[in-house]
Structure formats: C-alpha cells, structure tokens
Amino acid sequence: MIVSHSAAKMWSAAASAATKRSKSAVNASSSRAYATSLQSACRREGRKNIEKLVASAFPISTNWRHQLLNNTNKSSFSATTIRAASTFSVTPIGNPKRRKSTAAVLEDIYDEEITDAAALTMDAKSHKEDWMVNLGRENGRVNDWLTGPRGDDWYTGVKPSACPGVSPVEGTDGATAIRSLPLPNLSAVTRESAREYFDNSWTLFETLFAGLKGEEPFYRPPVHGLRHPQIFYYGHTPCLYINKLRVAGVLDKPVNAYFESIFEVGVDEMLWDDMHKNDMVWPTVAEVHEYRKEVYATVVDAIENHPSFDDKYGEGVVVNQDHPMWALFMGFEHERIHLETSSVLFRETPLHLVQTPANWPPIHPSAARQNRPSRPAVGVDYPPNRMIPVKGNDIDLGKPADFPSYGWDNEYGERNVNVPDFLASENMITNGEFWNFVADGGYRNKEYWCEDGWDWRKHRNMKWPFFWEQSGPQGSHEYSLRTIFQVVPMQWDWPVDVNYYEAQAFCRWKTQKDGSPTSQPYRILTEAEHHLMRPKEHDLEASRKDVSADKVMVTPGSEFAKGATGANLNLAFSSQNPVGSFPPSTSGHFDVTGNAWEWTEDHFNPLKGFEVHHVYDDFSTPCFDGKHSMIVGGSFISTGDEASVYARFHFRPHFLQHSGFRLVASDAKAPATHLYPGNFSGQAAARDVVVADDTNDDSNVYESEELLGMYLGLHFPSSGSDEGISSILNHKNSPLHGLSFPQRVAQLLNDLQPQRTNNRALDIGCAVGGSSFELAKHFDHVEAFDFSESFITAAQGMQKSDRMKFKVPIEADIHEEVVAAHNEGVSAEMLNRVNFFVGDACKLKDYSSEIGTFDGVTMANLLCRLPDPMACLDALPHVVNKGGVVVMVTPFSWLEEFTPRSKWLGGFRDPVSGEPLYSIDALQTIMEERGFEKIHDEEMPLVIREHQRKYQYIISQATAWRKQ
C-alpha cells in the first residue's frame, strides 16, 4: 500500500488537530469518543495501510501510543491519557532535549517543502523526492547521531564486542568480529542456548544497520523501487517476533499495535516495473529504535520465564513444530533472512551513505589485491572453467519432520527425482568470464534474452551487472566492484552477481559463441542436480543419518572456512571470494555451498506432503505461482537455516541477490520442477494484465442509458405524472417517504443554517442535478459536478428546460417513455444559479483554486463509491468556509468494484483484536481532525425504482459537519 503526499498531509493536519485539542479542557466522555474513533481510524484502510501514517504522524509517544491502542476497553480511556498522548514525543537517543512534535515537523515539511536539515542530505539527483518528507524531523540531531561510528547506545540488546559469536579477526592486532553461531539443535533447548542464539541474531542485524550513515539511507528507497526503504526492515524483524509469539500463545498482547501492523508484511515485488511502494511517511529512526528496545526486553523475558522452557531434569526441552516456542526460532531465522536481503539493499545504496561498522566480519582478503587489469585474461586473472561430468542418480528431497532444527514449511515433505547424467562447470561463472559477454555486446543483443528479460533490461537500462561500477570512459569496459560497504578493484575471479534473466542470457550467448558439449544448449543448474554435487560428508543422505553432517548445526562462522570441507558461509567473511579458494566437493566442483547462491531452472514448489505451519501460514504458498525461481547453496552471508543442506529459497527472476550461476549441459531434459509450462514465460503476460487493469481504472460504470433513466427518476420524482406513471406503484404502506431523496439532502443542508460568508454551495457527485437545483433555492450560486459525462449532460439539459425523455421500466422488456419534470418551486432564475461540470471527487483539492470556497457542501451517496474516499475528505478543509456545513449521506455499502478494500473506511474487523471497525467511527475521527464538528446525525431512507414491482430501499446515514 502506498500512502501519497496528500494522505501524509492529511495525517499532519490530524496530528496538529489532536495536539491543539489536547491544549484545551477535554472531558472524559469526549476523550473516550476520541480514543474509540482513533482506534477505528487507525485501521480504516486495512491492516497494512493508513496505520503507517498514524504511527508516524500522530504526535504520540511510543509508550502512550501503546497504552492507547493496547487497551481494548474503550471506557477506560481518560482525558488525562488523551491529553498526555497528544503532547508527548520520543526523544532521540543521546539527546536530552525535547524535540519538535511529529505533527509540527510534518507541517513544516509540507509548508516549507523541506527542512534545512533534510536539505543537507539531498543530492541533485534526488532533490525533493517524495520520500524526503521523512528527513529532518529531529532538527538534525538524529542525523548527527546516525553519522559516524555507532556508540554502544545504538545496540538495543548486547553490543557486538560482548555478544555470543564474537571472535578474533585473524591477521589483526586484537580486532574482533561478530559472526553467526551454529544453527540450534532443538532436541535439547535451554533458556541459555535460546538466549545466546537470540542475542547473536539480534546483534548481527543491528551491527549491519550500524552501517547506514545518517538518516537518509533509512528512508531512501532502493534504486529499483521494488522494496521498502531500510526503516521498514529495521522495524520489521522485531515486529515479527511479537506477532508470531502472539499467534503461538506465548505473548498475550502487543508491544506496539501500531508498529506491529505497519511493519508486519514486506513486499514480494511482483513485477520488475512495480514502482509504487515507498511514497509515504514512516516513523522516525528514534521511534523504531525505542520499539526495538521494548521488543528485545519482551523476547528476553519470554525466553527466561515462559513455562514451556521449564526443564525439570536439566537436559533441555524438545522444541518441535507443535511447541509454542517454535515461533521464537521462526523469529530467529526470519531475522537472518532479512540480515541477508537487507545486506543486498546496502550494496545497492549510494556509497557515501554507508560505512563499515565496527565488529563487522572482514571482507575476503583477496579484495586487497591492487593493480587489477581492466581487461581480464583467462588463466591469469580468472581460472579456466572446464565442464566436469556428474553421474546421474536418484535424489530424495525433503527434510525429515523430526530433524532437530528449525525449518520453513517448504522444506518438509518428500520427492524422489531421477537425475540423468550431466555436465556442470567446475566453478561458478566469474566476473572475468562474464566480462566477455558484456564486452561482446551481450546486453545489446536481444536474441540472447527471453522476452521479459529483455523488457527488464531495457526498463532498467542495464549494460553490465548491477554491482559493477564503471571506472573508465564509456565503452572502455573498465569496472570496479561494489561490496556491501566498499568499492574495491574488480575481482575477476570472484563469482559474478546477476539475476536469473542475466544468467540465462549468458547461457544463450555461450551456446552461440562456443557451442554446447551436448545435444542441448547450455542452461543453469536444477535443485536435484545441486544435491548430487554437494560434498558427500554434508549431503542430504549423510545428514539424515547424522545431524552433525548438516555442517551449520555444529560449525560457527568463525570456523566455517576451515578444514577439508571449508566454505565461505555463515558469515565466515562479509564478501565473496575467488572461486577455487576452498576444497572442491566430492564431484570436483568448487563453491557448491557458500560464496554465492546459484540460480536454478526450478520453480519454487511444494514437496509431496507439504503443509503450512499455522503460525506463519503464508510464508511459502503465495510464491507457489510459477514465477519464483529457486536458488541453492547459500552465499557468504547466509546463516542459520539458510546455510542448511535442507534450505529451499527462491526469488523472482528480476530480483538481485548475492547470487550467480554455473553452466550445465546435458542430453536429457533438465530434471527441474515447473509448476506451469515454460519457465517464467508468464511474467510479461502478468505485467500486461496489470497494465490492462490499470488502464481500466478510470472507466466509468455510470455511463449507461438504463442507469441514466434510473437516476432521472430518482432526482425528478414528479416525472411521469403527465403520462400516468407513478414513482411507486400505489399500495398500502407505500414508502413514499423515500422519494425526493436529493431534495431532502439539499433541504437538510439549508435547515442546519450554515454560516453565510459568500452564500455559495457545492454539490459533489451531483448526478443529474436534482439536489443542485434544490440548493439553488437557498444559495446564490451552486457549483455541481459528477464523474459521469452523461449525467452532467442530462443535468445541463434539465437546466435549459429541454424535454429530457427517459424510459421507466414496467415489467421485463416493457418500458414507458416519460418526460423528466422539475419539482415545484424551481424557477428559471434558480436554474441559472447552477454551474455543472464533469469532475472527479478524488481530485477536489485540485479544483479548489478554480471553484473557490463554499458555505455549504452536499455529498449524497457518494463516499462509498469513490476509489479513494480519503482524497475527497482530505480536500474538504480547502473548500469549506468557516462556519460552513458539509452534509454527507452514505449507506457505507463498500464494494471492491468501486473502492479497493484497502481504502474502505470501515466495515471490517481489526486484524489483531477481531473488534469490528465501523465506517462512521472512522469518519468522525477523520472529520474532527480536519476541523469539523458533527452537528447532526439521522437515518435517511431513499427508494430507487428497478421496475414497477421492485425497488431498492436504502437507509443511508446522514451526518452534518460544521467547520470550526
């Protein structure tokens, strides 16, 4: 969900209004109402959306926000709580001074466009981009705190120099680095062992994030726009601990219900050109830092005190998938996934915005080599890469259900795969080998690329791999290499980092250039082939017999690179290494595990017997779609379960990871699992569907002759009297009180006596004009607009007293033609007071400078038919005069064909508490925070004719709001 500038400003105004209210006396009753409506408003657009703004825009401290949201007993909210909540704010770490409230800062940002503190971090390329609303909210103090080496106050758990997993760095004078501990053995878990692995996971993550320099990289979206900015991931990993422990029953309440909604779900970038995720206001770094402190303390308390860890005999407890603390280990491994994926985002961040943190594992020493040639030579700068035969065999995939380590749901189950003989390159493809593809015009030649891969290349204007940085003149093909925190001379013998599309393009180029050694063209590896190439000491078969054969179960990162089966895995180093640095596998291949992930031909897929785990029921299943490619082997920064022999992970083909590939050739068909025919051939088609859907977003469902007739009958109920056709078939208890609905709406506005400033009225969603003409009886001028061109044409025809004919349905195909007739009392002078135009209520703010301001506004049965109701509500303060009245009538009949579910104001249940959230509560909060007071509330019926024996009877809620 993307929250726009206008929505952010909406919440700025809301926060400001809350602060102003807090300065005046508030009685207990109004405080309770405000708290109730605030809770509803916070979720009016669903679990992922507007809470993102509430959490950051409301000037409420973290602790007060917790108290406000976590208390489900509305009657217990006091005036003191509300006033305090509206005036407290979080103070940045190391800053004893009170900061400006978030509301005030947001107003400053929008009114002054950007603060000086934020401007200091802007470069010309990113000047005034929407995400910059998040910068400078601490008057520069937090930016100072985040610039330069982090102090101990950065770490909300154990500082890295004292954390489990810290070890000396070889070749240094006493330097230490934190690396990963072994994957826990869940057959004998103690409170101490769980705490150690938690601290290791938590501090590793915070050490990585100590590498962001200043506040800008927390908020700057990645260059491709396909993932959230880093502030999301800084809050996402602690959020998951709390939410999953709550689902498992270990915790009974949230730590911060706001944050545990806004940080709950990340993004799986569906398409490479989906660029709409990051334009919103986020919480401040200080607020999320404070949240992390609270989560850390909560998780530690659960580890130390939850009865499920009680150990009567001192032997540890067995934690399996039925144990409540399975959710705890889920949190550990989830955090480690994001340690790796966030490190990729770091690698994509401009170099001046990152810094190497203290105690971070060193990059591989080979990176220190200088004077690397600009044109690599095989056998000198990178090794030859011969194709080594692998004897086919059967492979049994799947992790045993009783294996004593945490596993994701997709790892369990079984499948037997018969793997034919094949050839695989001795090494992963190196930067040196890939340079030849680049220099030979591989990125310019469409014939090497699949259709969607070529579209992706053009869209991103890719000319070489992303982590290569041009270091010479255009066309010289001279490059440096970006690591997580540094740019180093090009390491021609390191594996190249590319996505699936680039890997496949190289295979086609290589086949055309050199020919394949088999009857089939070169391709990439499959999951089953990968397992045939693993070292026999640590493969699937060995680990099923001996838990320690899954090397990560017994080997910390500090020891992983050592020995006969050493590998660059589990954070032994913080970069890749030259291929061939470690001993080959049993099959003679290097880097089968570690160094870099390898792309495969397999779709991400479930094994036979797959079952979701109830604590995280959507971890894998959304990606069983034939559009995710499996990756195997792990990278240098893969830790915990990611480094296990049973790991099964995946990404979309355009996604960049620490990932490369090796060449494979065979005479037989690749033993890959495809959920749908082809391999990612549906990507372009899927994007085309999205484009088509986007094209239809502005289509108007109201442009039909039948609907036009229905609305003419609704707005002009006197029509048909000359033809002997009554609006409602005469019968006992006929609901005549439901007629003249538009006129009753207009009359209500007049009866509520809006303060007369210019005696102008606005009819939003005027349809065919019945309410507009009624307003003209009481106002000197009426502006009226509707989205439907045919409705406005009909209204203008009625204004000119044209004979507007329409058909009244009688029975089935029988219709009677009647002439539309005005109600009594509408004179020619009144008709001329109205100006009709075609317009979009969601763009009301854009019209405000042209149409001016008004003493009265009507919105009849419009709100729940808008694609973005908040855009309309947000504009009301700009068009209503002080003392003016807005009459809003709506049945709150939300339908996804009109309004995306994410934009409904209510009509759903709170995703955490299950409490029903009603639209009227959200509306009251929204209007009050825009400076409107509710002055009227009634049920207003209306009748719409379908034919003479069938009518729609609707009871709308009519509310009126006076601008303060």
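A polar contact is a pair of N or O atoms within 3.5 Å, of which, within protein, one must be able to donate a hydrogen and the other to accept it. In this predicted model, such a contact, at 2.8 Å, joins the side chains of Ser-343 and His-658. Ser-343 belongs to helix H14, which spans residues 326-348, and Ser-343 counts as buried because its relative accessibility is 0%, where buried means under 20%. When the neighbours within four places in sequence are set aside, the residues in contact with Ser-343 are Leu-208, His-338, Ile-484, Ile-637 and, once again, His-658.

An open sheet is formed by four strands in the order S12-S11-S10-S13, with mixed pairing. Its edge strands, each of which pairs on one side only, are S12 (649-651) and S13 (659-660). Strand S11, residues 629-632, runs antiparallel to S12 and is joined to S12 by three bridges; within this pairing, Ser-629 has Phe-651 of S12 as its bridge partner.

Strand S24 in turn pairs with strand S25 (residues 950-963) in the antiparallel sense, over 14 bridges, and the two strands form a hairpin with two residues between them. In this pairing, Lys-934 stands opposite Trp-961 in S25.

How values were computed
Residues are numbered from 1 along each chain as its sequence is written. This is a predicted model: local features need pLDDT of at least 70, side-chain atom pairs count only at pLDDT 80 or more; totals for chains, interfaces and linings use all residues. Side-chain values use heavy atoms; hydrogens and water are left out. Buried means under 20% relative accessible area, exposed over 50%, partly exposed in between (1.4 Å probe, protein chains only). Contact means heavy atoms within 4.5 Å. Two strands pair if DSSP finds at least two bridges between them.
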